[in-house]
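The sequence and structure are shown first.

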Amino acid sequence: MASNVDWANAMHDRLVDALPSEWDQETKELIGHAFLGGMAEYPDILRQLKSSSLIESDYFDDLGGDSDLRIIEGNRYQIRIKTSYRK
């Protein structure tokens, strides 16, 4: 089961990816970190966002034994590649 930290990190990634492309990456990351700080301070908002249009309520359901998750990390970014196999 995914923790609140897992949910907040996944939402952070979605939020940063959705920010305008003309903004530099550092600005996007600062906004993302402010978002993470807010989620730590207001867990009720985090709970409400779990089923919002920012992220699907079943986002972590496919992370069982029959899926692959690869994480690629750089100096200022992290890319998650999730491949799900459904029967």
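## Salt bridge

Glu56 has a relative accessible area of 37% and is partly exposed, since the partly exposed class runs between under 20% for buried and over 50% for exposed. The model is predicted. Glu56 forms a salt bridge with Arg14, and the closest N and O atoms of the two are 3.1 Å apart.

Side chains of opposite charge can pair when their charged atoms come close. In this predicted model, the count by the rule applied comes to one salt bridge.

## Largest pocket

The largest pocket has a volume of about 400 Å³. Its lining consists of 20 residues, of which His12, Asp13, Asp17, Glu29 and Gln78 are the closest to the centre. Three elements, α1 (4-18), α2 (25-41) and β2 (78-84), each give two or more residues to this lining. Helix α1 gives the most, with seven residues.

## Lining composition

How many residues of the lining of the largest pocket are nonpolar, polar and charged? Eight are charged, six are polar and six are nonpolar.

How values were computed: Residues numbered from 1 in each chain as written. Predicted model: local features only at pLDDT ≥ 70, side-chain atom pairs only at ≥ 80, totals over all residues. Heavy atoms only, no water. 1 Å grid on protein atoms, 1.4 Å probe; cavity = no way out; pocket = protein on both sides within 12 Å on 5 of 7 lines; lining within 4 Å. Points joined across faces, edges and corners; volume = space filled by probe spheres on them. Helix = DSSP H or I, 4+ residues; strand = E, 2+ residues; numbered from the N terminus. Nonpolar A, V, L, I, M, F, W, Y, C, P; charged D, E, K, R; others polar. Salt bridge = Lys/Arg side-chain N within 4 Å of Asp/Glu carboxyl O. Buried < 20%, exposed > 50% of the residue type's maximum accessible area, 1.4 Å probe, protein only.
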